[in-house]
Amino acid sequence: MKKKLITMTSIILVVVLLISGCSGASEEDKEKILRTNNASEPGSLDPALAQGTHESWVLDHIFEGLMKKSADGEIVGGMAEKYKLAEDELTYTFTLRDDITWSNGEPVTAHDFEYSWKRALKPETAAYYAYQFYYIKGGQAYNEGKGSVEDVAVKAVDDKTLEVVLESPTAFFPELTSFYCYFPVSKDVVEENPDWAKDPSTYVSNGPFLLTEWEHNAKILIKKNEKYYDADKVKLDGVDFAILDDENTAWQRYEGGEFDFLTPLPQTVVAQLNTEKSSELVIGADLATYYYNLNNEVKPFNNAKVRKALSMSIDRQKIIDNVAQGGQLPAEGVVPYGILDESGKEFRKVGNFIKFDVDEAKKLLQEGLTEEGMSIDDMQNATLVYNTQEAHKKIAQAVQEMWRTNLDIEIQLENVEFQVKLDREKAGDYEISRAGWIGDYIDPMTFIDLWVTNGEYNDANYSNEKYDAYVKTAKATADQAVRMDAMRKAETLLMEEMPVLPIYFYTQPYAQKSYVSGVFKPVNRYPYFIYADMDVDKF
């Protein structure tokens with residue numbers, strides 16, 4: 001009897017614990033925290049110092065610029081409720097909303113924007129994207145130490161009015177103000193604490209979410225900003241970004257129910273989900289090019305014939321069909337599809353500059369090596385650096401095998417963390433490196449100006465005065481026909497000299513659980529969770 005009583009008591013206790021536990025979990029589970037993976041530790045979450053998607057994906061949720069991307073991909077008012085372009089086509093006047101505040105409760109003003117943009121141009125800031133502010137009159141001169149900050153033509157007329165004068169008419173300037181380097185920072189916060197962006201306790205932003213946790217190399221948690229002017233349209237309570245650089249591990253966590261959304265996906269998974277017609281797979285459009293940098297300052301990669309030989313010996317369609325498997329398109333140049341020219345037609349129709357020709361590649365390689373006084377033996381063991389992701393590894397292995405088979409070149413592969421790769425490219429400490437570029441705005445220039453002499457993202461260290469002149473011409477006129485013609489000539493020249501090897505035009509496959517809705521992906525951004533929602537009864 002005593003044993004039976006103890007057993008019954010135990011059962012009752014377990015039931016009580018289960019009921020109370022489930023009740024508590026049920027309440028907690030109702031909080032809509034979308035779980036995903038950021039793939040790499042951010043180098044900085046200061047908008048002026050960020051340089052890649054591992055930072056911009058978070059920044060796009062915790063900050064907002066003058067303009068923003070709508071769920072339809074349109075450029076609409078963000079911090080600014082409207083803007084006006086003067087008849088000179090150079091002077092923009094932005095009028096800020098009345099109900100915008102920083103996360104510390106202080107108002108966001110036009111003075112913050114003036115301060116932020118001039119701070120990004122300040123030489124001492126060393127902002128990677130300082131060149132994107134060169135469209136502003138006096139911006140380049142100030143950044144290069146040839147002018148004064150007073151000459152930079154961005155001015156807060158009052159708390160609600162920002163006036164900007166450009167060097168030349170730039171039709172995509174309003175869109176550019178939605179890009180993360182143009183996000184404002186609080187003048188008071190930054191000047192009081194230069195390290196404000198390193199700790200969530202001192203972090204101040206103005207977007208739909210707030211940075212609440214940052215466990216380095218582990219996770220980033222952002223929570224809904226109740227002070228955001230559009231807070232009633234933000235349905236999620238937060239987004240939990242894990243930081244995992246292994247795609248397979250991330251996928252296992254998604255499959256195991258630990259993630260609600262995931263990008264990037266292992267290529268084999270994309271292929272499998274595609275075959276199965278999975279409702280959880282979305283092939284997102286992307287304005288982006290996957291390519292390899294060749295360090296033009298290192299022999300024999302300084303030789304255009306050698307570079308073209310390496311390009312011609314890569315079978316891009318085979319890489320897409322057998323490795324990438326995400327609906328990508330073989331690169332035909334550096335500018336991807338999705339950008340219209342002056343006639344409203346695809347700019348990419350300028351032509352296909354890429355061909356696969358092993359015999360021609362062998363001939364060019366030998367000619368180039370002879371010109372440099374080198375032999376094929378001098379190319380053995382050159383190293384291709386890629387950032388740690390299974391997709392990049394498999395593509396690198398495919399290229400490695402093609403060069404071995406087609407050109408008798410045995411290169412080595414080296415995987416490093418994304419930030420390490422970026423740092424080494426900036427230092428010129430590499431021979432070949434994997435790279436990719438997502439358009440900052442929808443215009444060919446966002447790709448074309450990457451390779452101007454000493455360009456901030458010209459990691460190939462390419463330099464050609466004629467190319468620079470084409471870019472300068474395109475930036476100095478409002479005549480779309482003249483602009484587009486100059487950029488066509490620039491791309492033609494670039495592909496004749498092949499300082500980089502375009503591989504394919506991206507898509508961005510992602511997976512999301514059936515209970516997730518409202519995610520939208522602008523063509524040149526990572527997916528946005530700003531208006532996403534989760535059905536609490538299904539997860």
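Q: What makes up the secondary structure of the protein in this predicted model?
A: The predicted model shows 16 helices and 21 strands in the protein.

Q: Why does the radius of gyration of the protein agree with a compact globule?
A: For 539 residues, a compact globule would have a radius of gyration near 24 Å, and the protein has 25 Å, so the two agree. Along the principal axes, the C-alpha atoms fill a box of roughly 95 × 60 × 40 Å.

Q: What share of the residues in the protein is buried?
A: Buried residues account for 55% of the 539 residues. The accessible surface comes to about 22800 Å², and carbon and sulfur atoms hold 49% of that surface.

Q: What share of the contacts with a separation of 6 or more is between residues 24 or more positions apart?
A: In the protein, 69% of the contacts with a separation of 6 or more are of this kind.

Q: How many positive and negative side chains does the protein have, and how far apart are the centres of the two sets?
A: There are 57 positive and 90 negative side chains, and the centres of the two sets lie 3 Å apart.

Q: Why is Ser-116 called buried?
A: Buried means under 20% relative accessible area. Ser-116 has 4% relative accessibility, so Ser-116 counts as buried. This residue is found in helix α3, residues 110-121.

Q: Which elements do the buried residues of α9 pack against?
A: Among them are β13 (288-294), α10 (316-324) and α16 (480-497). The buried residues of helix α9 (residues 304-312) include Val-306, Leu-310 and Met-312. At the start of α9, a side-chain oxygen of Asn-303 comes to within 2.8 Å of the backbone nitrogen of Lys-305.

Q: How do you know whether Asn-406 is buried or exposed?
A: The relative accessible area of Asn-406 is 14%, and buried means under 20%, so Asn-406 is buried. Asn-406 is found in helix α12. A polar atom of the Asn-406 side chain lies 3.0 Å from the backbone oxygen of Ser-313. Not counting residues up to four places away in sequence, Asn-406 touches Ser-313, Phe-356, Val-358 and Lys-362.

How values were computed
Residues numbered from 1 in each chain as written. Predicted model: local features only at pLDDT ≥ 70, side-chain atom pairs only at ≥ 80, totals over all residues. Heavy atoms only, no water. Helix = DSSP H or I, 4+ residues; strand = E, 2+ residues; numbered from the N terminus. Rg over C-alpha atoms; globule rule 2.2 N^0.38 Å. Buried < 20%, exposed > 50% of the residue type's maximum accessible area, 1.4 Å probe, protein only. Contact = heavy atoms within 4.5 Å. Areas by Shrake-Rupley, 256 points an atom, 1.4 Å probe, with all protein chains shown as cover. Lys, Arg positive; Asp, Glu negative; His and termini not counted. Charge placed at Lys NZ, Arg CZ, Asp CG, Glu CD. Polar contact = N/O pair within 3.5 Å; in protein donor to acceptor, adjacent residues only side chain to side chain.
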